[in-house]
There are 2 protein chains.
Amino acid sequence: MFKSAASVERLANQLARLPGIGRKSASRLTFHILKMSKDEANDIAEAIKEVKEKVGFCTTCYNISESDPCFICSDDRRNKEIICVVEDSSDAAAMDRAEGFDGMFHVLGGCLSPLDGIGPDDLKIKELMTRLKDDIEEVIIATNPDVEGEATAVYLSKLIKPMNIKVTRIARGLPVGSDLEYADSATLSRALEGRQEF
Amino acid sequence: MFKSAASVERLANQLARLPGIGRKSASRLTFHILKMSKDEANDIAEAIKEVKEKVGFCTTCYNISESDPCFICSDDRRNKEIICVVEDSSDAAAMDRAEGFDGMFHVLGGCLSPLDGIGPDDLKIKELMTRLKDDIEEVIIATNPDVEGEATAVYLSKLIKPMNIKVTRIARGLPVGSDLEYADSATLSRALEGRQEF
């Protein structure tokens, strides 16, 4: 990108490795960083280093956390009888932002994907089963509504049901604020299937 | 974004300050960095720090550079009689990638913009004039083809012409590979004005 400064080229290459950032964006970001004050740029660099140093996993729910047990697992005001199972920490963060859930989380660390060689042993499923030995009332499966996420949900429900624990799946349907006209037929089918009485 | 880990929140905030990266992208990048190995993440952090430590400005052309004079100014194979004037280092990099130019650069550090309070003294115009005292054959003005860039080009041409130096402006017209049907009328006017005989 810029022959005369190897460090500029190096930064652009590093940024281009991030998801959603192509060569052009990486180049633009690099020139932006060059224009920043040294302190501002160092703040970004330090934030990256800090996050890798401080953040680990909660050994209860396997969510990312600076402490163990994490903020959520150690919060006594939350409902410890409901566990929401998600694929990733980012999904847990999204669920936590939504109103209406004050239970615990369990982060699988992905979803079943035989094509990518990811089986039950690669996910925190055994650890979930151990948690279910405690007094759990309901497991809400909030894996993604795609093929792998659905397969993972079905797999988990078959494991958990025999333990006499209520297992639910988050609803699939039309996103709030969307337009029926532009919805895909799979989503519409799910919205029909999941219809509820007034 | 993620209440339980302050450092995660901090990194997302830092990334969201970069151009073109909103809250959602920043959050996605943060979770990506969390998934990277520590070494990979440190490589990015170090690249940011390195670029701020090593890269300065060439005191001849004011382009970003790790050395002074820069790679281009100290390259004897380049044509020292032609100077291409650009707004920013990123523009110089773009011009340098294009075929057909092997002259020198002069980076103004912006363009005239009275509304933003940027006048001639805020740009490296005096420094350009000093360079023109040497044996210069042609000055190619390659400021952006927008209002401020055009104003800057006209301003510079009026300063330089009396010095008996050839002043040219890069052509404005249809981008290669584009479609005439979708071109805006200002671009089409410029393309007509700049037409050349076969």
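Modeller: Start with strand E4 (residues 103-107) of chain B. Five of its five residues are buried, so E4(B) is largely enclosed by the rest of the structure. Buried means under 20% relative accessible area, exposed over 50%, partly exposed in between (1.4 Å probe, protein chains only). Strands (E, at least two residues) and helices (H or I, at least four) are DSSP runs, numbered from the N terminus.

Colleague: Ground rules before we go on?

Modeller: This is a predicted model: local features need pLDDT of at least 70, side-chain atom pairs count only at pLDDT 80 or more, and totals for chains, interfaces and linings use all residues. Residues are numbered from 1 along each chain as its sequence is written, chains are lettered from A and ligands numbered from 1 in the order written, and side-chain values use heavy atoms, without hydrogens and water.

Colleague: How many bridges join E3(B) to E4(B)?

Modeller: Five, and strand E3 (residues 79-86) runs parallel to E4(B). Two strands count as paired if DSSP finds at least two bridges between them. Val86(B) stands opposite Val107(B), and Ile83(B) opposite Met104(B).

Colleague: And what does Ile83(B) stand opposite in E5(B)?

Modeller: Val139(B). Strand E5 (residues 138-141) of chain B is joined to E3(B) by four bridges, again parallel.

Colleague: What's the strand order in the open sheet?

Modeller: E4-E3-E5-E6 in chain B, with parallel pairing. The edges are E4 and E6 (166-169), each pairing on one side only. Neighbouring strands are turned by 25° against each other on average, direction ignored. Axes are lines fitted to C-alpha atoms, for helices over the stretch in contact; angles in general run from 0 to 180 degrees between N-to-C directions.

Colleague: Which helix lies across E3 and E4 of chain B?

Modeller: H4(B), at about 160° to E4(B). Helix H4 (residues 89-97) makes a right-handed β-α-β unit with E3(B) and E4(B). Right-handed means that, with the strands pointing away from the viewer, the path from the first strand over the helix to the second runs clockwise.

Colleague: What do the buried residues of H4(B) pack against?

Modeller: H2 of chain A, plus E2 (64-65), E3 and E4 of chain B. Those buried residues include Ala92(B), Ala93(B) and Asp96(B).

Colleague: Switching topic. Which residues touch the most other members of the largest nonpolar core?

Modeller: Ile33(A), Ile48(A), Ile33(B) and Ile48(B), out of 42 residues. Such a core is a set of buried Ala, Val, Leu, Ile, Met, Phe, Trp, Tyr and Cys residues joined through side-chain atoms within 4.5 Å. Leaving aside neighbours within four places in sequence, Ile48(B) is in contact (heavy atoms within 4.5 Å) with Leu11(A), Ile33(A), Ala41(A), Ile44(A), Ala45(A) and Ile48(A).
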